[in-house]
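Work through these exercises with the model open beside you. Try each task before you read its solution.

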Amino acid sequence: MPTTIIKIPFDKCIVEKDRRGAALGPDQIEKELKNFFEFEEGLARKTKFLEVKEVSDFEKMHKEAESLAVNEYKKGNLVVGLGGDHSVSYGLMRAFAKVHKKAGLIFIDAHLDCQDDFLPPTHEDILRAAVKEKLFSEIIAIGTRNFTEKEKDFAESHKINFSKEIDYKKIMNLCEKVENIYISLDIDAIDPAFAPGTGWPEPLGLMPQQVMALLEFLKATKKVRGFDIVEVSPPKDVNNITSRLAARLLIELIK
């Protein structure tokens with residue numbers, strides 16, 4: 001399937017400036033992606049890159065990302081968003097929901113991101129917004145291990161399955177119920193020993209091999225139409241291992 005990668009270099013939703021850096025993630029992931037032989041020798045021919053230019057105005061940024069993604073979805077392309085903080089997924093998810101009906105969301109994140117009712121949402125509210133706008137008929141959150149009581153109550157009241165581990169029985173159930181799947185991967189879902197380059201590292205995360213196996217499983221369903229990778233922060237990385245891991249996971253999905 002032809003792939004369109006939309007880079008969204010935005011991280012201003014992260015209030016704590018010392019935690020920022022994800023705006024530099026898209027360029028670094030692209031650079032690492034092009035360093036893999038598999039990409040250079042085959043995938044490059046069926047992959048194109050676009051970039052959101054509006055990164056100052058929050059609402060305009062989402063609208064631009066949504067418009068770009070809708071156009072690419074209508075062409076039948078797999079659309080991949082590269083963030084940026086997790087708020088950038090909002091426009092991408094809205095675009096997905098406009099084109100792909102009866103859809104499910106696989107939300108891979110150390111946090112529930114269900115804190116408040118801001119619209120457009122911040123990186124702390126993205127899943128709450130997706131739920132309240134009914135963008136997906138089925139949702140599973142994976143790798144979730146740090147959340148507030150408020151977020152837990154919201155998730156449980158809206159029947160969102162969430163856990164620290166990967167429950168394949170529940171994932172298979174989602175896959176059977178939906179016709180299209182969107183995957184949102186916050187790199188902090190992975191243990192910081194393997195992905196230190198992020199603004200909100202959380203201990204005791206998923207292993208890269210677990211996430212790789214999950215992506216391979218989901219790809220095999222032939223229902224994955226949209227994907228994003230967010231919260232990769234090059235300034236906080238060590239020897240670019242987080243950016244390279246993000247690129248490696250991306251290759252597994254698009255090859």
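A salt bridge is a side-chain nitrogen of Lys or Arg within 4 Å of a carboxyl oxygen of Asp or Glu. This is a predicted model, and the structure holds 15 salt bridges.

**Exercise 1.** Show that Asp 27 and Lys 7 form a salt bridge, and state which parts of the chain the pair ties together.

*Solution.* 
- Step 1: Take the closest N and O atoms of Asp 27 and Lys 7. They are 2.7 Å apart.
- Step 2: Compare with the cut-off, within 4 Å. The pair forms a salt bridge.
- Step 3: Place the residues. Asp 27 is in helix H1 (residues 25-33) and Lys 7 is in strand S1 (residues 3-8), so the bridge ties together parts 20 residues apart in sequence.
- Step 4: Check accessibility. Asp 27 is partly exposed, at 48%. Lys 7 is buried, at 7%.

**Exercise 2.** Locate the salt bridges of Lys 98 with Glu 66 and of Arg 94 with Glu 133.

*Solution.* 
- Step 1: For Lys 98 and Glu 66, the closest N and O atoms are 2.6 Å apart.
- Step 2: Lys 98 sits in helix H4 (residues 89-99) and Glu 66 in helix H3 (residues 58-74), so the pair links distant parts of the chain, 32 residues apart.
- Step 3: Glu 66 has 9% relative accessibility and counts as buried.
- Step 4: For Arg 94 and Glu 133, the N to O distance is 2.7 Å.
- Step 5: Arg 94 belongs to helix H4 and Glu 133 to the loop between H5 and strand S5 (138-142), so this bridge ties together parts 39 residues apart in sequence.

**Exercise 3.** Is Asp 125 buried or exposed, and which side chain of opposite charge is nearest?

*Solution.* 
- Step 1: Find Asp 125 in the loop between strand S4 (103-108) and helix H5 (126-132).
- Step 2: Asp 125 is buried.
- Step 3: The nearest side chain of opposite charge is Arg 128, 6.6 Å away. Asp 125 has no salt bridge.
- Step 4: Leaving aside neighbours within four places in sequence, Asp 125 is in contact with Asp 113, Gln 115, Asp 116 and Phe 118.

Methods. Residues numbered from 1 in each chain as written. Predicted model: local features only at pLDDT ≥ 70, side-chain atom pairs only at ≥ 80, totals over all residues. Heavy atoms only, no water. Helix = DSSP H or I, 4+ residues; strand = E, 2+ residues; numbered from the N terminus. Buried < 20%, exposed > 50% of the residue type's maximum accessible area, 1.4 Å probe, protein only. Lys, Arg positive; Asp, Glu negative; His and termini not counted. Contact = heavy atoms within 4.5 Å.
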